[in-house]
Amino acid sequence: MGGAVVDEGPTGIKAPDGGWGWAVLFGCFIITGFSYAFPKAVSVFFKELMHEFGIGYSDTAWISSILLAMLYGTGPLCSVCVNRFGCRPVMLVGGLFASLGMVAASFCRSIIQIYLTTGVITGLGLALNFQPSLIMLNRYFNKRRPMANGLAAAGSPVFLCALSPLGQLLQDHYGWRGGFLILGGLLLNCCVCAALMRPLVAPQAEGGGGGGGGTESRGPPRPPQRLLDLSVFRDRGFLIYAVAASIMVLGLFVPPVFVVSYAKDMGVPDTKAAFLLTILGFIDIFARPTAGFITGLKKVRPYSVYLFSFAMFFNGFTDLTGSTASDYGGLVVFCIFFGISYGMVGALQFEVLMAVVGTQKFSSAIGLVLLLEAVAVLIGPPSGGKLLDATKVYKYVFILAGAEVLASSLVLLLGNFFCIGKRKRPEVTKPEEVASEEKLHKPPVDVGVDSREVEHFLKAEPEKNGEVVHTPETSV
């Protein structure tokens, strides 16, 4: 692809770790909430859609699937747009798309039209907001970045707890068409969040010629970069992370999808079964900021990759133990621990990616990772459903999900330890050795040469058979 100046802010500018960054964090919190909670919140309208169009549940479930597929699968497209136009313009267009899709859906006359409006257009709009918001968060925070990522990730459970009841309320009062129309207006807040994403600029140079002009310095010039930097695939750390994240997504979203049905299969009433997701979301709200705060500690942050691996292992182990639940109390305990581990994973996944690839390549790396995860998202829950159809036993679904997440934790842990950890450990060199090497490599200084030494050198005979032939002129 052709070269373009990437909107990464001026080189050499230190991340403010505060100031306007808190406004950026607030916008990222809202965008993350809409992006992850909206596909699930739309499900409250499914029964009305089934009645309106005479379709089945599997047909309406495709709406959420398309939304998630667009959110993950358009990652490279978002990277190209951000690198070409910058974060703020892309997010403004994305907010308009997200709103336009829901408004247009309120006038649809067939389920196919809803697939195209709510699924494709709104999904694309959310994707064009989600990825740039994380990129801006990465630029504004460095020392406090783990905590910032944890707080931004908390938007997902907060909005899930808010949007689902709101959707039900809108449906009861205005029907699904009125509900879609109002939600479309609500999504225009993404444009407000986009306006908060102010690009970083260097401060004015001091002593700049008597106060004229007031030109902002944008740092030293950078060489143009590609719109989609595929060189990240040459980074071992990125490859290991991408493989581990793709395996993790195969099983990560399976338990929340099936836990309510699991409870109903035990004979639990519908209201109590649905309350399990409320418990999970409530724990998740506090787990994400806490995980981000712990990761930001000086003694913990260098080991953030290993902490992420532990979070995945904890989540997989929770799935395996949850498969042994035999009553409602067991599922409540499972949801509590799953909420903790799920929150840890949500808070750490993009923080670790930022730490692996750095700021310069993050915009391309996140797009490629989301594309790989999109494939896993479309495989994971359906594969669990097919296993359930074949066995009629929920325990096997949880065991499969736990095994997949456990496998991803081992891939990240072992890959980082053997392929990355040793490579990145700098060799300790003694000061004496450094000084001697500097003397060896130090360029010669101007030394006065005696003319008699030159004369002796010219008269000297060459070495013969490895021995120096001494003459009266060369002997000391």
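**Entry 1: Q171**

I started at Q171, which sits in helix α8, residues 155-186. This is a predicted model, so I kept that in mind for everything below. Buried or exposed, I wondered about Q171? I got 12% relative accessibility for Q171, so I put it down as buried, the cut-off being under 20%. Then I asked which residues Q171 touches once its neighbours within four places in sequence are set aside. My list came out as V44, F45 and E48.

**Entry 2: salt bridges, whole structure**

Next I wanted to know how many salt bridges the whole structure holds. My search came back with four. I went through some of them one by one.

**Entry 3: E52 and R177**

I looked at E52 and found it in a salt bridge with R177, where the closest N and O atoms are 3.3 Å apart. Where do the two partners lie? I placed E52 in helix α2, residues 46-53, and R177 in helix α8, so this pair ties together parts 125 residues apart in sequence. Helix α8 is also where I had found Q171. I checked accessibility for both ends of the bridge. E52 came out at 41%, so I noted it as partly exposed. R177 came out at 22%, so I noted that one as partly exposed too.

**Entry 4: R288 and D284**

I found both residues in helix α12, residues 270-295. They sit four residues apart, which is about one turn of the helix. Buried or exposed, I asked of R288 and D284? I have both down as buried.

**Entry 5: R301 and E351**

My next pair was R301 and E351, with side chains meeting in a salt bridge at 4.0 Å, N to O. I located R301 in the loop between α12 and α13 (304-322) and E351 in helix α14, residues 328-357, so the pair ties together parts 50 residues apart in sequence. R301 has 21% relative accessibility, so I filed it as partly exposed. E351 has 1%, so I filed it as buried.

How values were computed
Residues numbered from 1 in each chain as written. Predicted model: local features only at pLDDT ≥ 70, side-chain atom pairs only at ≥ 80, totals over all residues. Heavy atoms only, no water. Helix = DSSP H or I, 4+ residues; strand = E, 2+ residues; numbered from the N terminus. Buried < 20%, exposed > 50% of the residue type's maximum accessible area, 1.4 Å probe, protein only. Contact = heavy atoms within 4.5 Å.
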